[in-house]
Structure formats: C-alpha cells, structure tokens
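Visitor: Can you walk me through this model? Keep it quick.

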Amino acid sequence: MILDGLLCFTGLLNGASGTIGVAATRNDAPTTGSQVSSNQIDLGLIGLPAFASGGGARDIGIGDDPAMKILVQVAVALTGGTSLQVNIQGAPDNGSGAPGSFVVYASGPVVAEASLIVGARLFDIDMPRPALDFPPPRFLQLGFVSVGTHGAGQVTGFLVLDRHDLPANANAVLGGYPAGINIAN
C-alpha cells in the first residue's frame, strides 16, 4: 500500500489549514459534532477545459479494477466520547475553481468509543460512484460525525489504489481467522 501526500485527507502538511489538523502530522483530531477533514483533494485536470457537468474532474469512482479506495485508520486512540462515524463527501467546481456544495457520497458505520483503538480501520470502501443527477466530484473531503466530546485521539485518511486488507482481530492487530474458529487438520 502506497500512501501519497497529495491524496491525504488529514493533517496539516502540504499547506492545509484545517481546524482539526494536527501540526506536522498526517492526522486529524475530531472532537465533537460534525467536522470535515483538514485537506480537500482536488481532482481537477489542470490545463484541460472544464466540462459543464464536472468541472474537468478526473473520474475515480467508476468501479475500475483496481478501483481507488478510501482508507481511514485510528492513529492515536480516541477517548472521552461516545462514537465516531466517517463519511466521504464530494463537490463539483463552483465555476471559479473552488468547491461548490459538498454532498455525502457514502457513510461508514458508527464506531463505539471502545473500538476506536490504534490501528482500527473506520471506513474501508471503494470510492463510490456519484449519485444519480450529480456531476462527478472535483473536490473530495472526509466528514467526521462525533457523538460526545473526544478528549484525545487522532485519525488518518487517504485515497489509495490498494489497501492492505488482511482482516484485523478484535484488538485491531492483523490476524487470520477470528477467535473461536477451529480448522480441522
């Protein structure tokens, strides 16, 4: 799995100025309510004419093989809150090279605080197709929906070509079969 700084949703590197980014890291620290990732990924094609319906955006969600994937993982255990949910949001170009209105393309599961430990994967999906009658996105960002107030904790999020998708055990350590499965020899 290759992590590309230009396809990173979180953190304050590469000139991002988000309010939940953690300085000098590729992490965000969602605290309470609804927040968005520090970085927006611009899929614009520089130098090519903008299409009326898509703003000249690259299409990354058609379901090609391999499809682009979303990876959101806990970097520092979250504490003090109740739960966290992550979603992917997209927006077309507003006509001046800036994002229009963001809409939610897909939402991950609501993860209880006790499961928000280091290494926990929060949102492993292929990049979804745009909704019907919605142009392909030029801009992408993550949305974080927190219940309660997280006193500590950080998450990292990337758009990747390939994830390391070996299932994790309940303690977020990579493993094979979950506990309780017996294989006859």
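Visitor: What am I looking at, and which cut-offs apply?
Guide: This is a predicted model: local features need pLDDT of at least 70, side-chain atom pairs count only at pLDDT 80 or more, and totals for chains, interfaces and linings use all residues. Residues are numbered from 1 along each chain as its sequence is written, and side-chain values use heavy atoms, with hydrogens and water left out.

Visitor: How many helices and strands in the protein?
Guide: 0 helices and 7 strands. Both are DSSP runs, numbered from the N terminus: helices are H or I with at least four residues, strands are E with at least two. Along the sequence the pattern reads β-β-β-β-β-β-β.

Visitor: What share of the residues is buried?
Guide: 43% of the 185 residues. Buried means under 20% relative accessible area, exposed means over 50%, and partly exposed is in between (1.4 Å probe, protein chains only).

Visitor: What about contacts between residues at least 6 apart in sequence?
Guide: Of those, 73% join residues at least 24 apart. Contact here means heavy atoms within 4.5 Å.

Visitor: Switching to the core. Which residues touch the most other members?
Guide: In the largest nonpolar core, with 27 residues, they are Ile70, Ile88, Leu122, Met127, Leu140, Leu142 and Leu159. Strand 3 (69-91), strand 4 (103-107) and strand 7 (139-160) each supply at least two residues of this core. Strand 3 gives the most, with 7 residues. A nonpolar core is a set of buried Ala, Val, Leu, Ile, Met, Phe, Trp, Tyr and Cys residues joined through side-chain atoms within 4.5 Å. In soluble globular proteins, nonpolar side chains tend to be buried together.

Visitor: What is leucine 122 in contact with?
Guide: Setting aside neighbours within four places in sequence, leucine 122 contacts Val72, Val74, Leu84, Val86, Pro109, Val111, Leu116 and Val155.

Visitor: Now charges. How many salt bridges?
Guide: The structure holds 4. A salt bridge is a side-chain nitrogen of Lys or Arg within 4 Å of a carboxyl oxygen of Asp or Glu.

Visitor: What does arginine 138 pair with?
Guide: Aspartate 42, with the closest N and O atoms 2.7 Å apart. Arginine 138 is in the loop between strand 6 (125-126) and strand 7, and aspartate 42 is in strand 2 (residues 41-42), so the pair ties together parts 96 residues apart in sequence. Asp42, Asp93 and Arg138 are also linked in a network of salt bridges.

Visitor: Arginine 138: buried or exposed?
Guide: Buried, at 14% relative accessible area. Aspartate 42 is partly exposed, at 35%.

Visitor: And what does lysine 69 meet in a salt bridge?
Guide: The side chain of aspartate 126, at 3.1 Å, N to O. Lysine 69 lies in strand 3 and aspartate 126 in strand 6, so this pair ties together parts 57 residues apart in sequence. Lysine 69 is buried at 13%, while aspartate 126 is partly exposed at 39%.

Visitor: Which residue meets arginine 121?
Guide: Aspartate 124, in a salt bridge of 3.0 Å, N to O. Arginine 121 is partly exposed at 26% relative accessibility. Aspartate 124 is partly exposed too, at 31%.

Visitor: What polar contacts does its side chain make?
Guide: One is with the side chain of glutamine 89, at 2.6 Å. Another joins the side chains of glutamine 141 and glutamine 40, at 3.2 Å. A polar contact is a pair of N or O atoms within 3.5 Å; within protein, one must be able to donate a hydrogen and the other to accept it, and residues adjacent in sequence count only if both atoms are side-chain atoms.

Visitor: Last one. Where is asparagine 94?
Guide: In the loop between strand 3 and strand 4. Asparagine 94 is partly exposed, at 44%. Its side chain makes a polar contact of 2.8 Å with the side chain of serine 96. Not counting residues up to four places away in sequence, asparagine 94 touches Pro99 and Gly100.

Visitor: And how does asparagine 94 sit relative to arginine 138, what separates the C-alpha atoms?
Guide: 9.6 Å, with the two residues 44 apart along the chain.
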